Amino acid sequence: MVEKMNNVDGLDDFLTKLGTGKWNYLFFATSAAVPGVLPIYLIGSEFLNSVTSFSCAVPDDNRTLPLNGSQCEMVERDSTGHEQIVPCEEWIYDTSLFHSTVAMEWNLVCDKARLASLFQTIYTAGGFMGAMVAGMAADRYGRRWCIRTAMEICNPSLRPTVGIFLALPYALMMIGIAGIAYCIRDWRLLQAAASWPCLVILVLMYLIDKSPRWLIVKGRLDEAIIVLQRAVRLNQPNFALDVDVSSVVHSIYQKQNETKTQKTQNEQNESGTSLHLPSTKTQDSMSARGGTDPSLSRPPNALGLDDGIGPWWAAPVALLRTKIIRKMTLVLVTVWLLQGVVYLGLPLSSSSFSSPFLYMALLGAFEIPAYSLTAPITKRIGRKSVVTTCLMTSGALLLSVAGFLLYHITNEWLHIGIVMISYLLVCTAYQVNFLYAPELFPTTLRPLGSAACTLSAYVGFSIPPFITYYTYGNNLAWVSAAVFGSCAIVAGLLVFLLPETNGRNLAETVADLVNRLEEEENLQSNGNGTQPASHLTYGSDGDSFNKSRVSTISGTYCNAGYT
């Protein structure tokens, strides 16, 4: 039976009825290839740059002698028989575990040992810059080339599941790297063998479209129509023969602008000023010609500095300009930094165990349930509760590990067991945050806000190499566990300051979030915890709609929860 689709309550409603098909799968596959390539660069230093046991290579010339108890110095005797201590120039490495590493090739030991910890930091610095550039590029040129589209084209009820699906390649590749590293002990061959997902990304990124959500927000309606028409063709839903995508897109855009400008008009009426908007006749004439009026892409005072529209500095400043966005941004970047320290710190602790290959494979295996069980849990009890509980529990377990190590309780399997559970919980929190953070930011700031979180995570990633270097090298492994545990607990406490997003539509602009906050404050001040009839929300399953206010665009209102 053919269904008519001309009347929709926003893009989320359209995507729900469109269903999930080939068009969505292309986005999912492209986005999934990205985490598949990350492990070799993120945690690969444990195999690429491992510092094995070594000793000073003393020349056999009857003039130099080894220095007892030293790996970095030797005794040199001159022609008169006078002896002096000099630094070693070459070293002999234990190649039973690794045949070649970066540290071996460039002798990153002794006085150069500090450079070994920079191996990971150099990568995270590149990731920091890449995330910053990608965030600005995604906002200006679209999500396609930055591979930031999966959550924006997904059926709302499937967002938790898709979020998990996008993380599984990382866990699987983490196990794969442990196996590949076990077979390939040369760092160059290992890096080449584990970098193949890059080729998949290069192919798939040319097969996906730009985000229709981003195109509509930017007022590029013609492009949005073409993208959604292709989506209809590829997915072939039951309304494929009776849908006028052009009418749907213009209807969504018109409702979006009505919602954005209504609040501004009310504010200007209160202040005694007038608001001049393009007439409906002008909009209709432009639609009839198949074009888009440039003035419509930026309604007066609707998309301005608060949404990062304006001068070059408006976009980054927008994350701190409005009170609610500023609060979210500061809390989120701190949480992502702290969880980044823990998330990378545990894998980079493999050198303290007898088999780094087994340890890394177990970490990857424990990531799988962390991701696969996340969707039903977060769908039922919400993002906020899951993140808080996981981070704080993980922190408590790591503090117990610190206690065991401090009092020399050195049962390796007990240590591994606790670390694995802690890592499972951190991965769960990290994965939920990948879904949670983009849901908190409106569409106009979503790529930039997500990029800010990623930037903060990369800052966190750069810290563990220095912690593990200074602690494990000085028999202070308990300090590492204590630092990682404390970071997890503080991050869990900070999440209490964020609102819940489970079952809510994605906000389109900063004004949407402000409206939600005002309505929540009104509900609390009136002592009424029920939802107003005018709200448009998803039900607890993400599918059922309250359609008592059809004229309200999807994502503009949601049930109370933004505090």
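Me: Is Arg-220 buried, partly exposed or exposed?
Reply: This is a predicted model. In it, Arg-220 counts as partly exposed, at 26% relative accessibility.

Me: Which residue forms a salt bridge with Arg-220?
Reply: Glu-223 does. The closest N and O atoms are 2.7 Å apart.

Me: And Glu-223, buried or partly exposed?
Reply: Glu-223 is partly exposed, with a relative accessible area of 30%.

Me: How many salt bridges does the count come to?
Reply: Eight.

Me: Which salt bridge does Glu-439 make?
Reply: Glu-439 meets Arg-383, at 2.7 Å from N to O. Glu-439 sits in helix 19 (residues 412-440) and Arg-383 in helix 18 (residues 383-406), so this pair ties together parts that are 56 residues apart in sequence.

Me: Why does Glu-439 count as buried?
Reply: Because its relative accessibility is 5%, and buried means under 20%. Arg-383 counts as buried too, at 3%.

Me: What about Arg-77, which side chain does it meet in a salt bridge?
Reply: That of Glu-83, at 3.1 Å from N to O. Arg-77 is partly exposed, at 29% relative accessibility. Glu-83 is also partly exposed, with a relative accessible area of 43%.

Me: Why can such side chains pair at all?
Reply: Opposite charges can pair when the charged atoms come close.

Me: New topic. Which residues form the nonpolar patch on the surface?
Reply: Leu-406, Tyr-407, Ile-409 and Leu-414. Together they have about 410 Å² of accessible area.

Me: Where is Tyr-407 found?
Reply: In the loop between helix 18 and helix 19.

Me: Buried or exposed? I mean Tyr-407.
Reply: Tyr-407 counts as exposed, at 64% relative accessibility. The cut-off for exposed is over 50%.

Me: Now helix 14. Which of its residues are buried?
Reply: Helix 14 covers residues 314-321, and its buried residues are Ala-314, Ala-315, Ala-318 and Leu-319.

Me: How do the buried residues fall, seen down the axis of helix 14?
Reply: Within an arc of 150°, so they line one face of helix 14.

Me: What covers the buried residues of helix 14?
Reply: The cover includes helix 15 (323-345) and helix 20 (446-461).

Key: Residues are numbered from 1 along each chain as its sequence is written. This is a predicted model: local features need pLDDT of at least 70, side-chain atom pairs count only at pLDDT 80 or more; totals for chains, interfaces and linings use all residues. Side-chain values use heavy atoms; hydrogens and water are left out. A salt bridge is a side-chain nitrogen of Lys or Arg within 4 Å of a carboxyl oxygen of Asp or Glu. Buried means under 20% relative accessible area, exposed over 50%, partly exposed in between (1.4 Å probe, protein chains only). Helices (H or I, at least four residues) and strands (E, at least two) are DSSP runs, numbered from the N terminus. Patches are made of residues with over 30% relative accessible area and no salt bridge: like charges are joined within 9 Å, nonpolar side chains (Val, Leu, Ile, Met, Phe, Trp, Tyr) within 5 Å. Accessible areas come from the Shrake-Rupley method with a 1.4 Å probe; for residues, only the protein chains shown count as cover. The arc is that of the directions from the helix axis to the C-beta atoms. Contact means heavy atoms within 4.5 Å.
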